[in-house]
Amino acid sequence: MLIRFEATNFRSIESAVELSMVAVDTDRAEAVPAELLGESLLKVAGVYGPNASGKSNVVAALAWLRDAVVLSLRHWDEAIPYDPFAFGNGPTQPSTFTLEMTVDDVRFEYNLEVDATKVLRESLYHYPKKIRRKLFERDENGLEFQRGLGRLSGTRDLLTPKTLVMSVAPRFEEPLVSGFAQQLRAIQTLGPTPTSRRGVYRRRPGHVGSRQTLRWFEDDDHPSLFDDDDAGANDDRAQALALLRLADLGIEDVRLDEEEVPLRDSSETRTLVRIRLLHNLPGASVPLDFEEESQGTRTWFSLIGPVLQALRTGTLVVFDELDASLHPTLSAELIRIFKRRDTNPLGAQLLFTSHDTSLLRHLNRDEVWLTEKRGDGTTRLGSLAEFAGERVRQSVNLEAGYLHGKFGALPQVNQVEFLRALGLIGRSDD
């Protein structure tokens, strides 16, 4: 499970911002005890704030780190996709990232510092029995491993100034390092979060997860989501279909048809899967092509695969702009799925950004994070408990308090300039 994430000098983030999944209020079922950590962890967190305050940049920084581990070995030969704060000293300073997670209940801490030309520092520690122990440390003087990890010595042969140790070391199948890398790589990002591919940022469409969802309807060999003797609980297609029907979209089934499509300027063909959703209409079941469905339906269908995968493996899903295409009822249901112990027995986590204040009714004060844009254009991030302290009780109406500006993080609306431009009020110098 994610414990905390910290980033410095990334996009609108100049000074360090930290997002923590450590529970403040531990006396509730949603807080998962982590014995070796001595704390309880949260399964859900939402980030709120005005437009351009940096909400998306917080989750983009986490997505960047995940992609860096996946891509640096193959795609960082020419340059590191360094994306610092654009003003002041930002372009001349390194970007830093820290990620702490539990793997098999043991705390791991990964640190990375990069600029546009090289990896400056990188380290991985773990805390068996709550004692910090080095797995590896890398700086300008070289790379050093913990004693007993000799099988990782081949990492040096593949390492370049632009390649991460964390991208290379898992190839040598050392359980401690590989286990952490696997957990980090398993983080899924959905929504328009900017992420890097081949060193270039691109925006992921909201229905990018549809390919992952397809596998749940195509295959029957996924491990069971729950350890249950009931045959229905072991049917992964049934689980995916149940989650689709949960949205009450009038869809009763999914039809996948293979079609042979000719390649341009060639006599060859390739096989494509045509997705059609079967709608339950009076007296008939009518198929509709996936691309003809509403954006909300496509978004819900697309998150089924990533959500089921996270629930099955106890991993993290990051959803930027959760409210962009989903009805508030569906967003709230998604939160409930992650919070409930019976639907989320392995402690999968959901981190999202949103403007939808109605979702605050389903969140505790330690599950809400707020971004504000400072006067210099930089992002400030803090938990609701940090912003408002003990004034925010567990029982408080967070939505009403947020909308009334009690916690800050609201846009400052001033219509004067707009009305003046329309000629509806006079200019101050008239």
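## A first look at the fold and its salt bridges

Axes here are lines fitted to C-alpha atoms, for helices over the stretch in contact (heavy atoms within 4.5 Å), and angles run from 0 to 180 degrees between N-to-C directions. Helices (H or I, at least four residues) and strands (E, at least two) are DSSP runs, numbered from the N terminus.

This is a predicted model, in which local features need pLDDT of at least 70 and side-chain atom pairs count only at pLDDT 80 or more, while totals for chains, interfaces and linings use all residues. Residues are numbered from 1 along each chain as its sequence is written, and side-chain values use heavy atoms, with hydrogens and water left out.

**The whole protein**

- The protein has 11 helices and 20 strands.
- Of its 430 residues, 51% count as buried; buried means under 20% relative accessible area, exposed over 50%, and partly exposed in between (1.4 Å probe, protein chains only).
- Its accessible surface comes to about 20900 Å², with 47% belonging to carbon and sulfur atoms; the areas come from the Shrake-Rupley method with a 1.4 Å probe, and for residues only the protein chains shown count as cover.
- Among contacts between residues at least 6 apart in sequence, 58% join residues at least 24 apart.

- Strand 6 (residues 95-103) and strand 7 (residues 106-114) pair in the antiparallel sense over nine bridges.
- Valine 103 stands opposite valine 106 in strand 7.

**Salt bridges**

- The protein's salt bridges number 23, each being a side-chain nitrogen of Lys or Arg within 4 Å of a carboxyl oxygen of Asp or Glu.
- Glutamate 122 and arginine 138 meet through their side chains in one of these salt bridges (3.1 Å, N to O). Glutamate 122 belongs to strand 8 (residues 119-126) and arginine 138 to strand 9 (residues 133-139), so this pair ties together parts that are 16 residues apart in sequence.
- Glutamate 122 is buried at 2% relative accessible area, and arginine 138 also counts as buried, at 9%.
- Another salt bridge joins the side chains of lysine 134 and glutamate 144 (2.6 Å, N to O). This pair links distant parts of the chain, 10 residues apart, with lysine 134 in strand 9 and glutamate 144 in strand 10 (residues 142-145).
- Lysine 134 is partly exposed at 22%, as is glutamate 144 at 44%.
- Arginine 340 and aspartate 342 form a salt bridge too (2.5 Å, N to O). Arginine 340 is partly exposed at 43%, and aspartate 342 is partly exposed at 45%.
- Salt bridges with shared partners join Arg4, Glu6, Glu18, Glu100 and Arg107 into one network.

**Helix 8 and its surroundings**

- Helix 8 (residues 328-339) has 12 residues and reaches 16 Å from its first C-alpha to its last, close to the 16 Å expected at 1.5 Å a residue; the expected span is 1.5 Å times one less than the number of residues.
- Its buried residues include Leu330, Leu334, Ile337 and Phe338.
- The buried residues of helix 8 pack against strand 5 (44-48), helix 6 (236-246), helix 7 (295-313), strand 17 (316-319) and strand 18 (349-353).

Methods: Pairing = 2+ DSSP bridges.
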